[in-house]
Amino acid sequence: MKLEILTDPNPILRKPTEEVARFDMELQTLIDDMVETMRANDGIGLAAPQVGVSKKIVVCEFEPTSKNDYPGFPLTVICNPKIKTKSNKECKMVEGCLSFPGIGIMVKRPKDVQVVGLDRYGKPIEIEADKLFSRVMQHEIDHLNSTLMIDHIEAADIVFFSTGKFGLKTLEALNSDPQYRIRAVVTDSKKLKCRGKNIESSPVKELAKKLGLNVVEITSLDEEFTKKLKKLKPDLGVVIDFGYIIPKYLFEIPKFGIVNVHPSLLPKYRGPTPIQSSILDGAKKTGVTIIKIDEGVDSGPILSQAEARLTKSANFEILYDYLAEAGAGLLLDTLPYYLTHELKPTNQNEAKASYSKMFTKKDGEVTLQTPAVEVERKIKAFYPWPGVYINLNNLTIQITAAHFDREKNLVIDRVKPAGKGEMNYDDFKRGHKILLTFPNS
Ligand code: NI
């Protein structure tokens with residue numbers, strides 16, 4: 001019978017367990033049910049407290065799959081287990097637990113252990129466990145001692161580099177994960193541009209202050225800042241929408257270097273405007289990539305990547321918010337594996353690299369000769385900045401919305417003539433002798 005698994009927080013997971021004394025039918029049934037429950041949940045280990053029974057019983061089993069290269073181990077049932085010896089050598093690995101669905105935690109444990117206990121019939125057994133088997137044994141024996149994997153967290157020290165809005169979700173996510181301690185939020189203190197508008201203070205600074213984090217404002221990555229960073233002894237740097245190219249002498253300071261969240265499927269769209277550029281190209285898919293930064297522009301080795309379909313109607317603003325959120329999620333899913341060396345970065349394929357460029361107001365200009373497809377893409381890519389506009393009869397008209405009709409002709413919906421408010425194109429046409437039509441090729 002499949003049993004219900006208790007999830008954290010639950011007082012039973014923290015209750016002391018009793019030794020198994022009777023190896024009777026009741027015990028056999030419980031063990032069979034535990035095995036069935038573990039298998040039904042794709043688990044590789046289960047301890048009795050997790051199914052609400054405060055007894056010293058552990059079951060575990062792992063069949064290797066093609067998806068990973070961990071060595072398997074056979075179904076093992078052990079009652080009253082004790083760790084007899086453990087190796088001095090320790091290793092860090094990401095662990096999961098059926099009582100913490102969907103969560104991966106970095107845990108440092110002795111590499112090998114020798115476990116003694118009784119089998120399901122009460123016969124003494126001794127197990128030499130290494131690699132994954134050793135880890136599962138230790139994790140499950142922890143459960144019998146009311147210890148959970150979260151008790152092993154040793155937070156990694158992180159320095160967060162960000163100025164623009166794209167990093168806000170990531171900062172929030174890192175800050176709410178107990179596996180990370182944000183030692184400093186480094187942000188540009190100069191008056192900065194955000195989507196074309198000048199703003200006084202970095203949105204990252206505002207959020208960091210709200211979260212009670214240490215804010216380091218900089219105007220350059222100078223020697224003084226280098227000293228400051230060294231003093232923090234960070235394990236890792238995270239850079240996202242920062243506005244500075246980080247030089248080698250800085251990205252070599254954190255033990256694990258500095259990782260970057262980039263809103264494109266690298267090596268495509270390196271550089272400053274990956275989101276707009278993918279829309280302008282009519283790309284069918286987009287995504288986010290986590291890289292370890294090197295001296296080039298977005299050219300460092302890839303830690304992970306998540307793809308997303310680029311919906312026809314998505315404009316810059318929608319895609320920006322979507323990828324900011326996706327980037328935060330991907331980073332949190334990736335870091336534990338990177339920080340335990342379980343994930344090896346892979347180099348980008350230089351031959352497939354492409355670059356995005358900075359846009360100016362001028363890029364938003366179209367003429368009556370601009371192909372309709374290009375006009376429509378520009379409206380999406382350049383929303384809200386720099387916008388799409390056309391100069392006709394000494395009048396600058398911004399086109400704010402358009403769509404293709406069934407005949408694939410571009411129909412203008414909304415415009416904003418210079419010095420006036422936004423209006424329906426039909427209303428505009430009545431007042432001006434101007435027709436906005438764009439060729440279909
Ligand atoms: Ni567990």
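The C-alpha centres of domain 2 and domain 3 lie 33 Å apart, and their contact, meaning heavy atoms within 4.5 Å, takes 13 residues from domain 2 and eight residues from domain 3. The chain as a whole is divided into domain 1 (11-151), domain 2 (156-352) and domain 3 (361-432), with bounds that come from an automatic or database domain assignment. This is a predicted model, in which local features need pLDDT of at least 70 and side-chain atom pairs count only at pLDDT 80 or more, while totals for chains, interfaces and linings use all residues. Residues are numbered from 1 along each chain as its sequence is written, and side-chain values use heavy atoms, with hydrogens and water left out.

Buried here stands for under 20% relative accessible area, exposed for over 50%, and partly exposed for values in between, with a 1.4 Å probe and protein chains only. Leaving aside neighbours within four places in sequence, Leu436 is in contact with Leu368, Ile390, Leu392, Ile399, Ile412, Val415 and Tyr425.

The loop between H8 and strand E17 (365-366) holds Tyr355, which counts as exposed at 53% relative accessibility. His341 lies in the loop between H8 and E17, and is exposed with a relative accessible area of 52%; although His341 is not a glycine, its phi is positive, at about 65 degrees. By contrast, Ser277, in helix H7 (residues 274-280), counts as buried at 8% relative accessibility. Not counting residues up to four places away in sequence, Ser277 touches Tyr269, Ser356, Lys357 and Phe359.

A cis bond joins Tyr383 and Pro384, with omega about 0 degrees, and Pro384 lies in the loop between helix H9 (372-381) and strand E18 (388-392). The bond from Trp385 to Pro386 is cis, with omega near 0 degrees, and Pro386 has its place in the loop between H9 and E18.

Technical notes. Helices (H or I, at least four residues) and strands (E, at least two) are DSSP runs, numbered from the N terminus.
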